[in-house]
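Subject: Structure for your review

Dear colleague,

Please find below the sequence and structure that I am handing over to you. My notes on what was found follow directly after it.

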Amino acid sequence: MAVTLENMPKLVMRFVGVEGANRIDEATRRGVYGTLKKALSMAPLAIVDEVKKSNLRGRGGAGFPTGMKWGFIPKDAKTTYLVINADESEPGTCKDRELLYWDPHTLIEGVLISSYALGCTHAYIYIRGEMIREHRVVQRAVDEAYAQGHLGKLHDTAGRGPWKLDLTVHRGAGAYICGEETSLLNSLEGKRGWPRLKPPFPAVKGLFGQPTIVNNVETIANIPHIIDKGGPWFADLGTPKSGGTRILCMSGHLNKPGVFELPMGIPLRDVIEKVCGGVPGGKKVKAVIPGGSSMPPLDASELDIPMEFDALMTDERIKPVEVRPGIKFDMGGGKALRTMAGSGGVIVMDEDTDLVAVTARIMRFYAHESCGQCTPCREGTGWLARITTRMAKGEGRPGDVDLCASIAHGIAGNTICPLGEAAAWPMLGFLTKFRPEFEAKIRRDLSPEKRAASTQPPLVQIRGTGYMGTALPRGRT
Ligand SMILES: Cc1cc2nc3c(=O)[nH]c(=O)nc-3n(C[C@H](O)[C@H](O)[C@H](O)COP(=O)(O)O)c2cc1C
Ligand code: SF4
């Protein structure tokens, strides 16, 4: 039975807004650390099984099943690490910040239980550099947990003999790319925050070359609830393949924007209208980014989609992203790209929004944050930023729309990490659903003189490939 807005229990956000609950005495009084004892009386594998049964899926972006990921740790691993990804920097996403500030002790309890299950004796919280206030609160909470003997002290356990955990809080320097898990691990090792080629995946070769699980803050904050009430209970709260509740960060043109814990699979229209009070001035919705700015947008006809991992990828009411009109973007094996739940950052845009300007802003972000390791991402995001910016400034040229689509198509699938796709997918998504707006903007802004002076050669299909191409004269950007 999936829960509704009316009967949903609050799990991860239960202490948000509760003054004092981020101090250990108050947190303990409210039951935090109570589940740790139960967990330590269980066999580690029984905890992993419970997480598998819960259908918990990673809240960091990809929605990967957490129990399955934990199962990838090699059976004979001697040293393993758990790293909590608190880098939260996907535009539109601001949920982990709330959990870190209001409820750091539930996160620490989740880290203790998960580390025990995974055989870790040292775990890390990698926190975004700009989160100064949250870092202070989390470090204080870790110090309190050491002082009370939850961390750094031997516990009797049913499955590992005497066991203890050390927990280090590490501040990043504020780079978006350090949220990508392998880049984060390099940064944690003191190296440049560049993504690593996968495989090997971190669960096999991660931090300091050892098997490592990287999980998002919200993911691990759910673990004490799962162990307390059981995996099937948690699974039952959600949809058949996604257990629990989901935090959505609602921003943009809304009467009541905010961060909300909501039933998994709630229709987007209900979130906009019932939870966020609709769009100011009674205006219509034009577009919605459903899961952080790297996700293809939805248009006004796609608001009845359940906000759940699989639905956003497969629901046939969502138009597939196209490379060119009529030609679907192929995710591999003919699979269409629709959109994704991502990191839960939902950005609502009303009917008056200039989507060319929005796209340009998004492209500038990814161009700025590209680490520069791979050519398609380094060069492609730069080109997308420059071309969309000139379109937004009213200096677009005939052919710019196809040029952007071609560049984006050339990036996707050809890079070391998914930051390339994070730029390419929204670019193609906005063009698929709002192409006439881009074309009209170019037409409107091209005076007859400018049009005549435009020397850009027409786009042609590059022989033997699906790409459209043109040779731009040097210096023309
Ligand atoms: C460019 C990029 C940035 C990312 N940023 C974050 C982030 O800020 N926080 C996060 O939890 N995951 C982020 N991820 C996803 C992580 O790589 C990783 O999948 C996630 O932390 C795994 O945790 P989960 O299984 O609990 O979701 C990012 C991925 C990419 C490609
Ligand atoms: S895709 Fe971009 S961010 Fe990722 S490794 Fe390549 S250049 Fe760096």
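Why does ligand 1 lie between domain 1 (24–237) and domain 3 (354–477)? Both of these domains give residues to the shell around ligand 1, so the ligand lies between them. Please bear in mind throughout that this is a predicted model.

Where domain 2 and domain 3 touch, the contact takes 16 residues from domain 2 and 16 residues from domain 3. On the side of domain 2 that touches domain 3, strand β9 (residues 322–324) provides the largest share, with three residues.

I turn next to the surroundings of the ligand. Around ligand 1 there are 23 residues, and those that come nearest are Gly58, Gly60, Gly179, Asn216 and Thr219. The shell is made up of eight nonpolar, nine polar and six charged residues. Two elements, β4 (212–216) and α17 (419–445), each supply at least two residues of this shell. Which element gives the most to the shell around ligand 1? That element is β4, with three residues.

Strand β4 also belongs to a sheet. This open sheet has four strands in the order β3-β2-β1-β4, and their pairing is parallel. At its edges are β3 (166–171) and β4, each of which pairs on one side only. On average, neighbouring strands of the sheet are turned by 20° against each other, direction ignored.

Within the sheet, strand β2 (residues 122–127) pairs with β3 in the parallel sense over six bridges. As an example of the bridge partners, Tyr124 has Thr168 in β3 as its partner.

Helix α6 (residues 104–118) lies across β1 (81–86), β2, β3 and β4, and runs at about 150° to β1.

With kind regards

Notes
Residues are numbered from 1 along each chain as its sequence is written. Chains are lettered from A and ligands numbered from 1 in the order in which they are written. This is a predicted model: local features need pLDDT of at least 70, side-chain atom pairs count only at pLDDT 80 or more; totals for chains, interfaces and linings use all residues. A residue is near a molecule or strand if its C-beta atom, placed from the backbone, lies within 6 Å of it. Ala, Val, Leu, Ile, Met, Phe, Trp, Tyr, Cys and Pro count as nonpolar, Asp, Glu, Lys and Arg as charged, and the others, Gly among them, as polar. Domain bounds come from an automatic or database domain assignment. Two strands pair if DSSP finds at least two bridges between them. Axes are lines fitted to C-alpha atoms, for helices over the stretch in contact, and angles run from 0 to 180 degrees between N-to-C directions. Two residues are in contact if their C-beta atoms, placed from the backbone, lie within 7 Å.
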